[in-house]
Amino acid sequence: MNTSDDERGPSPSDFSEDLGERLENAPADERVYRTALELYTPTRVVEVAERADCSKNSARRHLRRLADIGVLTRVTENPETFERNESYFEWRRLNRLSELDDDEYRDRLGELLSEDEAYRETYDVETPDEIDPLEYGEYGDVETVWLDLNNWAAVRREIRDLRRSRQDNPVGEGVA
């Protein structure tokens, strides 16, 4: 078997080119949906139409549909602007986490709790909020400490979300 026959190896094609081609060939509703996922600030219909490469009427129709099902929030009516409904995405994330089977849930929670414990031992505090990266130079350069703190905060957020998805502990309870 030569390398080109190895199905587990990386694809010889460029992922971004493949994605671009798939989106280019996708129907307008799919292009508008993909664009809508990036609407972190109120965005006008005309801008979405340009980004999704479709007409304003088509973009408006699909944006309104996405707002009707809760993916987006209509922020203003004239001019009509839309942005992501973060509550929808949080609900969706918690719903996905709730679908983990019991073993997956316990394994993932155990990994995250171990990571949280390692950070607490490293920095000798209970939460990343208690640290100013500029004062922790003894643990590495500021950028390294800052990255650690961001990762630690993400770990704690995922622990909270996992527990919320199973309703097995109050949200405000510690992660240990």
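The model is predicted, so to speak: local features need pLDDT of at least 70, side-chain atom pairs count only at pLDDT 80 or more, and totals for chains, interfaces and linings use all residues. Residues are numbered from 1 along each chain as its sequence is written, and side-chain values use heavy atoms, with hydrogens and water left out.

**Exercise 1.** Find out which residues a cis peptide bond joins.

- Start with the general rule: most peptide bonds are trans.
- Now look at N78 and P79: their bond is cis, with omega about 0 degrees.
- Then place P79: it sits in the loop between β2 (72-77) and β3 (80-84). Strands are DSSP runs of E, at least two residues, and helices are runs of H or I, at least four, numbered from the N terminus.

**Exercise 2.** Work out where D53 and D124 lie, and whether each is buried or exposed.

- D53 isn't a glycine, yet its phi is positive, about 55 degrees.
- You'll find D53 in the loop between α3 (45-52) and α4 (56-68).
- D53 has a relative accessible area of 63%, so it is exposed (over 50%; buried is under 20%, partly exposed in between, with a 1.4 Å probe and protein chains only).
- D124, also not a glycine, has a positive phi near 55 degrees.
- D124 belongs to the loop between α6 (102-123) and α7 (142-166), and is exposed at 66%.

**Exercise 3.** Find the stretch where pLDDT is below 50.

- Mean pLDDT (the predictor's confidence in each residue, from 0 to 100) is 85, and 81% of residues reach 70 or more.
- Residues 1-6 are the stretch below 50, with one contact (heavy atoms within 4.5 Å) beyond near neighbours in sequence.
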